[in-house]
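Hi,

Here is the structure I promised to pass on. Have a look at it first, and then read on for what turned up.

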Amino acid sequence: MRVVIQDDYDKMCEWAANYIADKIKAHKEDRPFVLGLPTGSSPLGVYARLIKKNKAGEISFKNVVTFNMDEYLGLPHEHDQSYWYFMHDNFFDHLVDMKPENINILNGMTDDPEGECARYEEKIASYGGIDLFMGGIGVDGHLAFNEPYTSLTSRTGLRNLTTDTRIVNSRFFGGDPEKVPAQALSVGIGTVTDAKEVLVLISGHNKARALAAVVEGGVSQKWTCSALQMHNAAIIACDEESCGELTVDTYKYFLDIERGERL
Ligand code: GLP
């Protein structure tokens, strides 16, 4: 697993956006480039930069198919906290050549969660899998909505959210954890690690404990993002603030081996 440490949030986003743009540009095959996408505050700076590059004609989304990681159960598209709304508001609506039919987001209003999740996995497989899955993590190390102790081989399915996650996400629901949906649909850890490449963004002091556990701890269901240690093309892009709990030698090690990658 690579760990690319940047000075701050902006530089981390710059690095990640350039990385994704380069992958899209390098994709010369007829089949689409399949991109997995997260919600949350972490990817916002990456989305803004990808939009800018798209508007400037540097990258095209004509041949890009996207799959989002997760969606709250029971929130309709028009709810401003649904991930459908978030993705359109912060990303898709601003791209000049994204085809709506190439956007895939789990339907949180389904009355058949199992069927919805099985169809999602089938659709991913029908494209030959995901080329690059971008993600963020929760303060407890959750990837998508795979809370601590979700199986590291899990597939897309229904998830119960922990009290911790509902408290953290209550900032978007008027501060009331009870207003945060108690369940969500989410790709599994196995769905993410099946991607050819995984790029996870980790930023800020509040993620420092998670970053240390994911990088320096063992592979463990407790920190589901630690499954990336078993992936042969996984990258964590992070900022200095989130490195506060790394041991000094780990921190120096990644600065040494990624020396050329510092912006
Ligand atoms: C939610 C999402 C995750 C996201 C996490 C962190 O729980 N389900 O996919 O990574 O929030 O969000 P943020 O980037 O705002 O810290």
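How many residues does helix α4 have, and how far does α4 reach from its first C-alpha to its last? Helix α4, residues 113-126, has 14 residues and reaches 20 Å, close to the 20 Å expected at 1.5 Å a residue. (The expected span of a helix is 1.5 Å times one less than its number of residues; helices are DSSP runs of H or I with at least four residues, strands are runs of E with at least two, and both are numbered from the N terminus.)

Before going further, some housekeeping. This is a predicted model, where local features need pLDDT of at least 70 and side-chain atom pairs count only at pLDDT 80 or more, while totals for chains, interfaces and linings use all residues. Residues are numbered from 1 along each chain as its sequence is written, and side-chain values use heavy atoms, with hydrogens and water left out.

Just after α4 comes glycine 128, with a positive phi of about 85°.

Helix α2 can be read in a similar way. Its 12 residues, 44-55, should span 16 Å at 1.5 Å a residue, and the end C-alpha atoms are 17 Å apart, which agrees. Buried in α2 are Gly45, Val46, Tyr47, Leu50, Ile51, Lys53 and Asn54, and they pack against α1 (9-26), β2 (33-37), α3, β6 and β9.

The cores

There are 39 residues in the largest nonpolar core, and Leu143, Val200, Leu211, Ile236 and Cys238 touch the most other members. (A nonpolar core is a set of buried Ala, Val, Leu, Ile, Met, Phe, Trp, Tyr and Cys residues joined through side-chain atoms within 4.5 Å.) The elements that give two or more residues to this core are β1 (2-6), β3, α4, α6, β9 (197-202), α7 (208-216) and β10 (234-239). The largest share, six residues, comes from α7.

Take cysteine 238 as an example: leaving aside its neighbours within four places in sequence, cysteine 238 is in contact with Val3, Val4, Ile5, Gln6, Met12, Ile202, Leu211 and Cys243. (Contact means heavy atoms within 4.5 Å.) There is also a second, separate core of 34 residues, which includes Tyr47, Val64, Leu95 and Leu199.

Pocket and cavity

The largest pocket holds about 680 Å³ of space. Its lining has 37 residues, and Thr39, Gly40, Ser41, Asn169 and Arg171 lie nearest its centre. Two or more lining residues come from each of β4 (70-72), α3 (83-90) and α5 (163-169), and α3 gives the largest share, five residues. By class, the lining of the largest pocket divides into 16 nonpolar, 14 polar and seven charged residues.

The count of cavities of 30 Å³ or more comes to one, and about 50 Å³ of space lies in the largest cavity. Val3, Val4, Ile5, Phe254, Leu255, Glu258, Arg259, Glu261 and Arg262 line the largest cavity. β1 gives the most to that lining, with three residues. The lining of the largest cavity has five nonpolar, no polar and four charged residues.

For the terms here: on a 1 Å grid over the protein atoms alone, a cavity is a set of points where a 1.4 Å probe fits but cannot get out, and a pocket is an open set with protein on both sides within 12 Å along at least five of seven lines; lining residues have an atom within 4 Å of a point. Grid points are joined across faces, edges and corners, and a volume is the space filled by probe spheres set on the points. Ala, Val, Leu, Ile, Met, Phe, Trp, Tyr, Cys and Pro count as nonpolar, Asp, Glu, Lys and Arg as charged, and the others, Gly among them, as polar.

Two residues to look at

Most residues other than glycine have a negative phi. Alanine 144 has a positive phi near 55°, and tyrosine 149 has a positive phi near 75°. Alanine 144 is found in the loop between β6 (132-136) and β7, and tyrosine 149 lies in the loop between β6 and β7. Alanine 144 is buried, with a relative accessible area of 6%, whereas tyrosine 149 counts as exposed at 54% relative accessibility.

Cheers

Notes: Buried means under 20% relative accessible area, exposed over 50%, partly exposed in between (1.4 Å probe, protein chains only).
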